[in-house]
Amino acid sequence: MTLCVCFISAAFLLSAPTATGQPASRGTQSAPIVQPGAPGQNSKILTEETAAASPRMPAAADISFMQGMIMHHSQAVEMTDLLRTRSRSRELQALGKRISISQSDEIKSMKQWLEDRGQPVSMDHSHMDHTHGMNMDAMPLMPGMLTPQQMKALAQATGPFFDHLFLTGMIQHHTGALVMVQDLFDTPGAGQDAVLFDFATDIDNTQRAEINIMRRMLLKEKK
């Protein structure tokens, strides 16, 4: 009985309010910093020192994903630029503007992510175009990207025909981005960087939602 009373007393002292009316502190340790793991993997608890440290060297697949997605997004922005003069659909122009703004911002973020880790922004600097930053025709296409022939046909179309080509082309384009995200997470050791994980997951969620919007817009064409 004496042992039990002592235990209860000790526990009470640890949780009892201080003279200021606040519970006694167990130390100055802050809340844990959690780094989410890739799908199917556990999250990691980071110390303040680890969280504040310079970004660790990313996996080769991480670098390729970011470099490839920059090129992928760049073509999407190029496609949306055509909407201003080729489409008369306000609904489609509004969607295109949203895609353009979000993907332009994401391109900046991806470039910063690569630069922070000492990595080149493009896969091959020999294909840099001093006017537009990248020569799309000279670089291998990422999944879902439109071929030069498809881009030429889109640039020459107008009105409802343009709208149809744009929607089918952007659905193809977005679907390719989902493939790139899945390939990243399927690669052992890739996608462990917390910023990259959140970014890739956001791409997946956003572009799935936009695909559904564009499919509904295509259905309206048939009515």
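Residues are numbered from 1 along each chain as its sequence is written, and side-chain values use heavy atoms, with hydrogens and water left out. Because this is a predicted model, local features need pLDDT of at least 70 and side-chain atom pairs count only at pLDDT 80 or more, while totals for chains, interfaces and linings use all residues.

**Exercise 1. The overall build**

Task: find how many helices and strands the protein has, and in what order the elements run.

Solution. Start by listing the DSSP runs, numbered from the N terminus (helices are H or I with at least four residues, strands are E with at least two). The list holds eight helices and two strands. Read from the N terminus, the order is α-β-β-α-α-α-α-α-α-α. Next, take burial, where buried means under 20% relative accessible area, exposed over 50%, and partly exposed in between (1.4 Å probe, protein chains only). Of the 223 residues, 36% count as buried. Last, look at contacts, meaning heavy atoms within 4.5 Å. Among those between residues at least 6 apart in sequence, 73% join residues at least 24 apart.

**Exercise 2. Helix H3**

Task: work out how the span of H3 compares with the expected span, and how many of its residues are buried.

Solution. H3 covers residues 60-81, which makes 22 residues. The expected span is 1.5 Å times one less than the number of residues. From first C-alpha to last, H3 reaches 32 Å, close to the 32 Å expected. Now turn to burial: 16 of the 22 residues are buried, so H3 is largely enclosed by the rest of the structure.

**Exercise 3. H5 against H7**

Task: describe how H5 and H7 cross and which residues meet.

Solution. Begin with the axes, lines fitted to C-alpha atoms over the stretch in contact, with angles from 0 to 180 degrees between N-to-C directions. The axes of H5 (residues 90-116) and H7 (residues 159-186) come within 12 Å and cross at roughly 35 degrees. Then pick out the residues: Leu 92, Ile 99 and Gln 103 in H5 meet Asp 163, Phe 166, Leu 167, Met 170 and His 174 in H7. Finally, sort the residues of this contact: five are nonpolar, two polar and one charged. Here Ala, Val, Leu, Ile, Met, Phe, Trp, Tyr, Cys and Pro count as nonpolar, Asp, Glu, Lys and Arg as charged, and the others, Gly among them, as polar.

**Exercise 4. Two residues**

Solution. Gln 207 is found in helix H8 (residues 194-222).

Arg 86 is found in helix H4 (residues 83-86). The C-alpha atoms of Arg 86 and Ala 157 are separated by 6.9 Å, although the two are 71 residues apart along the chain.

Methods
A crossing is left-handed if the near helix is turned anticlockwise from the far one by less than a right angle, and right-handed if clockwise.
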